[in-house]
Amino acid sequence: MQEKQLRQHLGELLSGGNAHLDWKSAFTGIPPKLRGVRPSGLPYSIWELLEHMRIAQLDILEFSRNPKHASPDWPAGYWPKTQAPPNTAAWNKSLKFFARDLAAMKKIVSNPRTDLFARIPHGTGQSVLREALLVADHNAYHLGQVLTVRRLVGNWK
């Protein structure tokens, strides 16, 4: 019973809500002209944060399930090359892939056959539990930054 509750809590944590903003709310209603704006004093735009979150989440997901996965170079491989999305299609594709990869992580966590505590064989001591918490923590941190940027550009209530 406790393991079932743990899986449920992890799924909720990954989804956002409770004490964290959900990712869909954070990225809804951003006009295209604001997606690449870096407010004064900040080194990133909303696009850069979205892409960073997507890339890092995919890296963690793939590490969790694929022993042949190679992580991007740090730090350049974890950030987009452009300050703004090249077009609306790129923005929508990034959101779509972010959602897909988050759902995949939630599926791994919710699967009763996944041993949340076992060491990932190709890792250095990591477990699926640790990687799921890392995704949730990383996303929550950067979603807070997204809201900061949105406030500074006048796009958050």
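The structure is a predicted model, in which local features need pLDDT of at least 70 and side-chain atom pairs count only at pLDDT 80 or more, whereas totals for chains, interfaces and linings use all residues. Residues are numbered from 1 along each chain as its sequence is written, and side-chain values use heavy atoms, with hydrogens and water left out.

The protein has five helices and zero strands, assigned as DSSP runs (H or I, at least four residues, for helices; E, at least two, for strands) and numbered from the N terminus. Along its principal axes the C-alpha trace spans about 45 × 35 × 30 Å. Of the 157 residues, 43% count as buried, that is, under 20% relative accessible area with a 1.4 Å probe and protein chains only, where exposed means over 50% and partly exposed lies in between.

The axes of helix H3 (residues 46–65) and helix H5 (residues 128–152) come within 10 Å and cross at roughly 175 degrees, the axes being lines fitted to C-alpha atoms over the stretch in contact, with angles running from 0 to 180 degrees between N-to-C directions. H3 and H5 are therefore roughly antiparallel to each other. Contacts (heavy atoms within 4.5 Å) involve residues of H3 including Ile46, Leu49 and Phe63, and residues of H5 including Leu134, Val146 and Arg150.

Gly123 lies in the loop between helix H4 (88–110) and H5, and this residue is partly exposed, with a relative accessible area of 23%.

How values were computed: Angles under 35 degrees count as roughly parallel, over 145 as roughly antiparallel, 65 to 115 as roughly perpendicular and the rest as oblique.
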